[in-house]
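I opened the notebook to look up a few things in this structure. My entries follow.

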Amino acid sequence: MSKAIFNPTRFNKSDNATFDDVLDAFVSRRKILKGGMGLSAMAAMGAFGLTGCNSDSGNTTTDTPDALTRVSLKFESIPGSLTDAVSVAEGYTAQVVAPWGTPLNTIAQDWKNDGSNTAIDQANAVGMNHDGLHFFPLNDSATEGLLCVNHEYIETAELHPDFDATFNAEGDRIDVDAVRKEIFAHGVSVIHIALENGNWVVKEDARNRRYTGATAMDIAGPLANSSHLVTPYSPDGSQARGTLNNCGNGYTPWGTYLTCEENWPGYFVNQGTAAADQERIGITLGADATGRYRWETLAGHADEQMDEFRRFDITPTGSSALSDYRHEANGHGYIVEIDPYTANSRAVKRTALGRFRHEGCTFGKLEEGKPLTFYSGHDSRFEYLYKFVSKAVWDAADATPADRLATGDKYMNDGTLYVARFDADGKGVWLPLTLDALTKDGGVLADHFATLADIILNTAGAADLVGATPMDRPEWCAVDPITGSVYLTLTNNTKRTEETGTNPANPRLLNKFGHVIRWDETENHTDFSWDIFVFGSSADATADVNLSGLDEMNQFASPDGLAFDQRGILWIQTDNGAKEVTSYTNDQMLAVVPSNLTDEAGNLQTIGSGNQGELKRFFVGPNGCEVTGFTISPDYRSMFVSIQHPGNWPYSDNAAEAAPDGTTVRARASIVVIRRQDGGELAV
């Protein structure tokens, strides 16, 4: 999700129908069948069969509200902001907590402003560039819990006092401690926090810990113990080393955290012959290929331990997978499950949910005796939306298991992975990625893959073959707790042109602003109905671009983070790159309470009926940042949001306080906690 890496190459070479083609046909259909209603501000499909779903954010112990209940937003939309401070709705406060470098135990030294903290310090302190996060209560408390936080990538200039000194004249890395520090700054933090005297603070706890780019992790699902995972580090293919580029997130009904490996391919290099999955997913290839941070150039250093740097060079050089690291990258690209409540527990990579650039992992409806569903987007242009349906059916007793990761084994190791096809009639189909699945040329996937593990290894390649719909950077999903509708952010795609399948009739040619889509599932897991929820735009764009009629107080671009709280409020976060909006405001968070397409009597509602039009700007981040990640306390009185790659911020614990003119602050990604000044529930 970071701006530093938000320029993915189009690795999808398939000729599957583009989303633009589908949208163009669907716009025409809606104008005919719905009396010229067209695509309006946040018009959306109603709920056909998923009432009572759990949402993608909030606490699992909070009861889902009655299906007919809708709250109203009671704050006033705020103007945009272009300052070195956050801006939040009137009557609210914003506190900085757990910034990068905050010690998690007594091993780490206090954070040093001169950048002299060591790799050991970083391995025991909060990581860099916070992203997805979730609050896990302790003892059912709304004021004390464990906060799991993703750390997507690093900013080398901020990490090192003299970054240039970590290279030699040939551009190779020479400083072992510096590179270890970079590897340790990636991953996930588990942080015990508590509300004391009106402020959230970090507490000492044996459960405070880091999962980094070097942490040993178990492999589960179809790829576990397969030949694809054999390395000198794990000869039996049972383990992988580290988790990288942790962006979106999720959680499970049994109380574990899910972190998603997104733009991980760029960390690895292959200067030799590449496998099909490596070309499809975007591994760095070629005789002159180098990794994103050139970690592989430290291979063979006298202080290297257990091939800690060599493993990033996956060029086949030896006689077998036991003599080189040709399979190292095969251990990345997954949903990773963490039990926050159990100190020193191993993280598990759930390969059954697919291998790609995961952006978020959201579970759908919970219903006794029915399978679980998890949704995840592949964050690149022209990529796909996936869902996993478990073989095991839900048992409510598993909400409080004695062994959380064993429960994960039950629901996340065996099931069916699907990819979405969006059709022009407002319907869609989930296409299975199994050996007997039909391909678009009339064959089956078994014609191309020998085993299910082979399919998982090249998930995107298999999706190409079955005819999935290429989307505009599918990112976070969220599930409405009132209706069960599923929402997805499509961040942007400026590469969508007539050549790739668009046409002048489509109002979103060269989609720089992005949009949000939603759909309703059928009972059989294979069909759905869909519609557009809202189009991003600048307020002054022409009508064929500003299809949702946004104005100054709710204009936005590049919707990215997406979450419902259990009251049915949808929170939309942005990672904006459109100058028409960036000239007005920094990245932001908006809120809306969605309305159904039909009223209680089944009649089509008119545009703007109910509270559908109340899309409001609630929060704006400081200059240079991305606003990302969302979780809320069970009492709805504390909201936690990540601020990634800020500029000259934070100046103090008050996130809304800017540095005085002329004062330079060493930037630190942080969590911001938003509370009402009167201590009441947020937003309502």
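Which residues are buried in α4? I found Val176, Ala178, Val179, Arg180, Lys181, Glu182, Ile183, Phe184 and Ala185. Buried here means under 20% relative accessible area, with exposed over 50% and partly exposed in between (1.4 Å probe, protein chains only). Helices (H or I, at least four residues) and strands (E, at least two) are DSSP runs, numbered from the N terminus.

I noted the source. This is a predicted model, where local features need pLDDT of at least 70 and side-chain atom pairs count only at pLDDT 80 or more, while totals for chains, interfaces and linings use all residues. Residues are numbered from 1 along each chain as its sequence is written, and side-chain values use heavy atoms, leaving out hydrogens and water.

Back to the helix. Nine of the 10 residues of α4 (residues 176–185) are buried, so the helix is largely enclosed by the rest of the structure. I looked up the cover: it includes α2 (119–123), β4 (144–151), α3 (156–159), β5 (187–196) and β7 (209–211). At the start of α4, a side-chain oxygen of Asp175 comes to within 3.2 Å of the backbone nitrogen of Asp177. Gly187 follows α4 and has a positive phi, near 110°.

Next I checked Thr259. It is found in strand β11 (residues 257–261). Thr259 is buried, at a relative accessible area of 0%. Its contacts (heavy atoms within 4.5 Å), not counting residues up to four places away in sequence, include Asn150, Val188 and Tyr334.

Last, the whole protein. I noted nine helices and 33 strands. Buried residues make up 62% of the 684 residues.

Notes: A polar contact is a pair of N or O atoms within 3.5 Å; within protein, one must be able to donate a hydrogen and the other to accept it, and residues adjacent in sequence count only if both atoms are side-chain atoms.
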